[in-house]
Amino acid sequence: MNALLVLSVVVSLFWTTVGFTVKRTGDNSNWCCEVEPTISSSNFTSIEIHQFTKVIWEEKEGPVHQCEPGEDTTVGLFSWDCQSMVNVSRTVTTYQQVPVVKPVIQQGVCPTEHLVCCEGYVKHQDQCLKSSAINSLQALIDAGLIG
């Protein structure tokens, strides 16, 4: 048998080829667990930066202006000078580190001793292979083409 043919048979058992790139296909759906894995939850505390914005209002002296009738003279050398108070605002932004507790749910992991091959798969050299591929693989092993 041609070595290239042997390689293509072995590759087709585990991978698919796209052009000249060999890509792994599938997932771990060939492995099953004999017991139901337990799910655990715990809390994880992280530090987040929170922004706080505060508006501060202050009363300040306004500009000097000519007094209007009924207004008290408050400043200046002349009786027509007045100064009123004005409200002024300013915005202050601060940043604080805030601890935040978040729940973490961990999916159960099957204990190694309970891992088995799923239906339609057979365990061969610690691998779960498709039942249909075992005969082809055994033929290559019997021919001495792979070990």
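Mentor: Start with the link of C117 and C128, which is left-handed, at -90 degrees about the S-S bond. This is a predicted model, so read each value as computed from predicted coordinates. The sulfur atoms of C117 and C128 lie 2.0 Å apart. C117 sits in strand β6, and C128 sits in strand β8, residues 127-130. The pair therefore ties together parts that are eleven residues apart in sequence. C128 has a relative accessible area of 4%. That is under the 20% cut-off, so C128 counts as buried.

The structure holds three disulfides. Take C32 and C118 next. Their sulfur atoms are 1.7 Å apart. This link is right-handed, with 110 degrees about the S-S bond. C32 belongs to strand β3, which covers residues 31-33. C118 is in the loop between β6 (115-117) and β7 (121-124). Parts 86 residues apart in sequence are therefore tied together by this pair. How exposed or buried are the two ends? C32 is partly exposed, at 30% relative accessibility. C118, at 9% relative accessible area, is buried.

Now the bond of C33 to C110. The S to S distance is 1.9 Å. The link is right-handed, with 80 degrees about the S-S bond. C33 lies in strand β3, while C110 lies in the loop between β5 (81-106) and β6. The two parts joined here are 77 residues apart in sequence. C33 has a relative accessible area of 26%, and counts as partly exposed. C110 has 16% relative accessibility and counts as buried.

C32 is bonded to C118, and C33 is bonded to C110. Strand β6 holds C117.

I39 is in the loop between β3 and β4, the latter being residues 40-66. I39 is exposed, at 55% relative accessibility. Its C-alpha atom is 5.0 Å from that of Q107, although I39 and Q107 are 68 residues apart along the chain. Which residues does I39 touch, leaving aside neighbours within four places in sequence? The contacts are I105, Q106, Q107 and G108.

Last, the protein as a whole. It has two helices and eight strands. Along the sequence the pattern reads α-β-β-β-β-β-β-β-β-α. Of the contacts with a separation of 6 or more, 64% are between residues 24 or more positions apart. Buried residues make up 13% of the 147 residues. Among them are C118, C110 and C128. The accessible surface comes to about 11,800 Å², and carbon and sulfur atoms account for 54% of that surface.

Notes:
Residues numbered from 1 in each chain as written. Predicted model: local features only at pLDDT ≥ 70, side-chain atom pairs only at ≥ 80, totals over all residues. Heavy atoms only, no water. Disulfide = S-S within 2.5 Å. Helix = DSSP H or I, 4+ residues; strand = E, 2+ residues; numbered from the N terminus. Buried < 20%, exposed > 50% of the residue type's maximum accessible area, 1.4 Å probe, protein only. Contact = heavy atoms within 4.5 Å. Areas by Shrake-Rupley, 256 points an atom, 1.4 Å probe, with all protein chains shown as cover.
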